[in-house]
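Q: Hey, can you walk me through this one? I'd like to start with how the chain is put together.
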Amino acid sequence: MENRKIKSRCIFINHGKILLCYDTVHNYYFFPGGSAIEGEKSEDTLRREILEEFGTEIKNIKFLTTLSNVGENSDETIVMFQAEFVNSDRSQESEIPVLDMPQIQAIWVSMNDVSMGNIKILPEFNYLKLL
């Protein structure tokens, strides 16, 4: 792989649930966030991506860890954060529209379903141990 991608992803928690994005075309779950622009700090990437995807700002941002995802089709560093939406109404919606990405659904998923292995999040990692 020539260029390693840097991504910032976020864990949002609300009443025992976490917010996941579901790709309806490729059938997998992942945390909200996205790729950095060259020279951009990870926290700035996260703020920009969440604003682009959900149309809202975030607060109480906490760095959790950095993951390496290297495989046949991937070479990326993922910087994981935990945060809250500034607009608390977002935490009350069961499904949050993802702007300009009709194939992606953002839904609140039970942390119990994740811990029991009923929901697979890519890249695979025990994310709940970060909390």
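Q: In what order do the elements of the protein chain run from the N terminus on?
A: This is a predicted model, and in it the order is β-β-β-β-β-α-β-β-β-β-α. That comes to two helices and nine strands.

Q: How does the radius of gyration of the protein chain fit with a compact globule?
A: It agrees: a compact globule with 131 residues would have a radius of gyration near 14 Å, and the protein chain has 14 Å. Its C-alpha atoms fill a box of roughly 40 × 30 × 30 Å along the principal axes.

Q: What share of the residues is buried?
A: Buried residues make up 44% of the 131. As for the surface, the chain exposes about 7600 Å², and carbon and sulfur atoms supply 45% of that.

Q: Switching to pockets: what volume does the largest pocket have?
A: About 210 Å³.

Q: Which residues line the largest pocket?
A: Lys7, Arg9, Tyr28, Phe30, Asn69, Glu76, Ile78, Leu122 and Pro123. They split into five nonpolar, one polar and three charged.

Q: Which strands each supply at least two residues of that lining?
A: Strand S1 (5-11), strand S4 (28-30) and strand S7 (74-85).

Q: And what about the second largest pocket, what's its volume?
A: About 150 Å³. Its lining includes Val114, Ser115, Gly117, Phe125 and Tyr127, and the whole lining divides into six nonpolar, three polar and two charged residues.

Note on methods
Residues numbered from 1 in each chain as written. Predicted model: local features only at pLDDT ≥ 70, side-chain atom pairs only at ≥ 80, totals over all residues. Heavy atoms only, no water. 1 Å grid on protein atoms, 1.4 Å probe; cavity = no way out; pocket = protein on both sides within 12 Å on 5 of 7 lines; lining within 4 Å. Points joined across faces, edges and corners; volume = space filled by probe spheres on them. Helix = DSSP H or I, 4+ residues; strand = E, 2+ residues; numbered from the N terminus. Nonpolar A, V, L, I, M, F, W, Y, C, P; charged D, E, K, R; others polar. Rg over C-alpha atoms; globule rule 2.2 N^0.38 Å. Buried < 20%, exposed > 50% of the residue type's maximum accessible area, 1.4 Å probe, protein only. Areas by Shrake-Rupley, 256 points an atom, 1.4 Å probe, with all protein chains shown as cover.
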